[in-house]
Amino acid sequence: MGVHCKSGDKDIGFRVVNKGGLYEYRVRIGLQKTTLFFCGFSHGKIKKGIFDLYDASRDSDRCNKCTWKAVGNGIYGYTDKPHQAVLFYKWIK
């Protein structure tokens, strides 16, 4: 699966995540908690959608090193402690 993430001022770039693989990154949160990263997902030529993968107003208390996993039904985000997975987005059909 291809993943390309950006914010308003930073392009994290394109990565390929293998089946069952995890996608993780560290986020530096601005004082105003306005940090936002959005990512486009694709599988071959099929576009899976664009999602707000990190929104400081939603996620700053959830994770510092944010980990995501794309599976058959969508994208799961993991909390730092306790390490739990939550379904964030269902794939577009």
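These are my notebook entries on a predicted model, written as I looked things up.

**Entry 1: the chain as a whole**

I began with the secondary structure. The chain holds one helix and eight strands. Going along the sequence, I read the pattern β-β-β-β-β-α-β-β-β. Next I asked how much of the chain is buried. Of its 93 residues, 37% count as buried. I also looked at contacts between residues at least 6 apart in sequence, and 40% of these join residues at least 24 apart.

**Entry 2: a sheet of four strands**

Which strands make up the open sheet, and in what order? I found four strands in the order β2-β1-β4-β5, and their pairing is antiparallel. β2 (11-16) and β5 (46-55) stand at the edges; each has a single partner strand, so one side of each has no neighbour in the sheet. On average, neighbouring strands here are turned by 15° against each other, direction ignored.

Strand β4 covers residues 36-43, and eight bridges join it to β5, with the two running antiparallel. I picked out two of the bridge partners.

**Entry 3: Cys 39**

I stayed with β4 and moved to Cys 39, which is found in that strand. Is Cys 39 buried or exposed? It is buried, because its relative accessible area is 0%, and the cut-off for buried is under 20%. Leaving aside neighbours within four places in sequence, I listed its contacts as Val 3, His 4, Cys 5, Gly 49, Ile 50, Phe 51 and Leu 53. I checked one of these for distance: Cys 39 and Phe 51 are twelve residues apart in sequence, with 5.4 Å from C-alpha to C-alpha.

**Entry 4: the largest nonpolar core**

A general point I kept in mind is that nonpolar side chains tend to be buried together in soluble globular proteins. Here the largest nonpolar core has 17 residues. Those with the most contacts inside it are Val 3, Tyr 23, Phe 41, Leu 53 and Ile 75. Which elements give two or more residues to this core? I noted β1 (2-6), β4, β5 and β6 (65-71).

I took Leu 53 to begin with. Its place is in strand β5, and it is buried, with a relative accessible area of 0%. The C-alpha atoms of Leu 53 and Cys 5 are separated by 8.3 Å, although these residues are 48 apart along the chain.

Then I turned to Ile 75, which lies in strand β7. Ile 75 counts as buried because its relative accessibility is 1%, again against a limit of under 20%. Beyond its neighbours within four places in sequence, Ile 75 has contacts that include Phe 41, Phe 51, Leu 53, Trp 68 and Ala 70. Val 86, Leu 87, Phe 88, Tyr 89 and Trp 91 are also among them. For Trp 91 I looked up the spacing: 16 residues along the chain, and 7.7 Å between C-alpha atoms.

**Entry 5: an enclosed space**

How many cavities of 30 Å³ or more does the whole structure have? My search gave one. The largest cavity contains about 60 Å³ of space.

**Entry 6: a loop residue**

I finished with Thr 79, which sits in the loop between β7 (74-78) and β8 (85-90). Apart from neighbours within four places in sequence, Thr 79 is in contact with Arg 62 and Gln 84.

Technical notes: Residues are numbered from 1 along each chain as its sequence is written. This is a predicted model: local features need pLDDT of at least 70, side-chain atom pairs count only at pLDDT 80 or more; totals for chains, interfaces and linings use all residues. Side-chain values use heavy atoms; hydrogens and water are left out. Contact means heavy atoms within 4.5 Å. Two strands pair if DSSP finds at least two bridges between them. Axes are lines fitted to C-alpha atoms, for helices over the stretch in contact, and angles run from 0 to 180 degrees between N-to-C directions. A nonpolar core is a set of buried Ala, Val, Leu, Ile, Met, Phe, Trp, Tyr and Cys residues joined through side-chain atoms within 4.5 Å. Buried means under 20% relative accessible area, exposed over 50%, partly exposed in between (1.4 Å probe, protein chains only). On a 1 Å grid over the protein atoms alone, a cavity is a set of points where a 1.4 Å probe fits but cannot get out, and a pocket is an open set with protein on both sides within 12 Å along at least five of seven lines; lining residues have an atom within 4 Å of a point. Grid points are joined across faces, edges and corners, and a volume is the space filled by probe spheres set on the points.
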